[in-house]
Amino acid sequence: MKVPSTSNQPLPLFPKLIPLPEGPGIRTCVSEQPFVTFGRTKAISFVTEGPIPTLLNSWNLVLLDTSNSSAPRTLWQSFDHPTDTLLPGAKLGREATGVTRRLVSRKSAATPSPGPYCFEVDPDAPQLVVKLCGSPVAYWATGAWNGRYFGNIPELAGNVPSFHLAFVDDAREEYLQFNVTAEATVTRNIVDVDGQNKHQVWIDASQAWLTLYAGPKAPCDVYAACGPFAVCSYATGLQPCGCMKGFSVRSPVEWEQGDRTGGCVRDAALDCTSGNSTASSTDGFHSMPGIGLPDRGRGMQNVRSSAECSTACLKNCSCTAYSYGSQGLLEVLDQLAVDQVGVLTDS
């Protein structure tokens with residue numbers, strides 16, 4: 001049996017503790033019924049009276065109130081608390097009950113704690129988006145729902161055997177849901193540690209996940225994929241992340257585990273005092289052509305050359321980089337994260 005998991009490591013079905021409803025008459029004991037985790041089986045504590053936890057064939061763990069045997073009532077279900085994985089039958093988005101769900105990436109392949117990326121329903125359009133959690137800016141969207149599939153996911157335009165995709169969008173609810181007609185089909189939708197949304201199907205013959213689509217398609221299209229003061233570039237080989245000139249990896253251990261949110265740090269402190277003359281400063285700039293500019297920046301229209309841009313940025317210790325073009329000066333006043341801007345370094 002294959003459990004939809006985000007890793008090939010033995011992981012418990014419950015990656016975090018979630019408060020359960022309290023009530024009278026709850027007692028626990030060890031049951032002989034098997035509890036299935038990835039690649040292994042063991043016993044789990046079950047309730048002998050009062051609410052009963054039940055693991056359904058859909059891998060939804062539900063807490064049932066069976067006081068009325070003819071009409072059991074669900075008190076709690078794991079489908080209401082997704083982590084980085086959406087399973088068949090679960091809903092992602094806003095329901096009429098007021099419950100809102102989104103997927104949150106893991107911090108790294110070795111760390112199941114919440115990471116920086118979220119996959120959720122766009123409140124302003126009939127689509128889903130991937131973005132940094134807590135940020136209003138989305139860096140990738142599924143495209144609008146046209147009744148059959150999402151505009152930016154043509155891979156799901158055809159009829160996929162045993163697979164049905166649905167998107168409900170009305171005044172009361174807005175959510176994504178997919179179902180399978182064959183119980184043997186194991187499939188999942190995830191947001192991975194690199195900030196990509198993927199839909200995958202398990203292939204028994206190869207013992208591997210087959211990715212039906214990934215969005216954004218290129219890892220370097222993910223905003224801040226390599227963290228602050230780092231560059232995401234395909235010219236660097238299999239590992240697209242690297243530090244800018246004058247910077248080093250902040251945490252080599254986390255970097256190797258796939259958690260690059262810490263990015264890079266300066267090798268030497270800047271010689272900067274805001275507002276002072278730049279004549280005696282040892283700071284300078286390193287040119288980096290052919291990159292994508294970050295979303296956050298402050299434009300200035302009263303500069304007439306790249307040299308004036310350099311001077312303006314050097315006089316502002318909050319300015320970490322600048323770009324000069326037809327739109328004038330763009331000062332970057334935050335930690336810089338790019339897809340490959342002069343960058344302020346210690347020269």
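This is a predicted model: local features need pLDDT of at least 70, side-chain atom pairs count only at pLDDT 80 or more; totals for chains, interfaces and linings use all residues.
Residues are numbered from 1 along each chain as its sequence is written.

**View 1. The whole protein chain.** The secondary structure comes to 2 helices and 25 strands, where helices (H or I, at least four residues) and strands (E, at least two) are DSSP runs numbered from the N terminus. Of the 347 residues in the protein chain, 40% are buried, a word that stands for under 20% relative accessible area, with a 1.4 Å probe and protein chains only.

View 2. Glu 173 lies in the loop between β12 (163-169) and β13 (174-180). Glu 173 is buried yet has no salt bridge, and the nearest side chain of opposite charge, Arg 172, is 4.3 Å away; a salt bridge is a side-chain nitrogen of Lys or Arg within 4 Å of a carboxyl oxygen of Asp or Glu. The side chain of Glu 173 does reach the backbone nitrogen of Ala 96, at 3.3 Å.

**View 3. Helix α2.** In helix α2 (residues 306-314), the buried residues are Cys 309, Ser 310, Cys 313 and Leu 314. Seen down the axis of α2, these buried residues fall within an arc of 125°, so they line one face of the helix; the arc is that of the directions from the helix axis to the C-beta atoms.

**View 4. Val 186 and Leu 87.** Val 186 is found in the loop between β13 and β14 (187-191), and it counts as buried because its relative accessibility is 15%. The C-alpha atoms of Val 186 and Leu 87, which are 99 residues apart along the chain, are separated by 8.9 Å.

Technical notes
Side-chain values use heavy atoms; hydrogens and water are left out. Buried means under 20% relative accessible area, exposed over 50%, partly exposed in between (1.4 Å probe, protein chains only). Lys and Arg count as positive and Asp and Glu as negative; His and the chain ends are not counted. A polar contact is a pair of N or O atoms within 3.5 Å; within protein, one must be able to donate a hydrogen and the other to accept it, and residues adjacent in sequence count only if both atoms are side-chain atoms.
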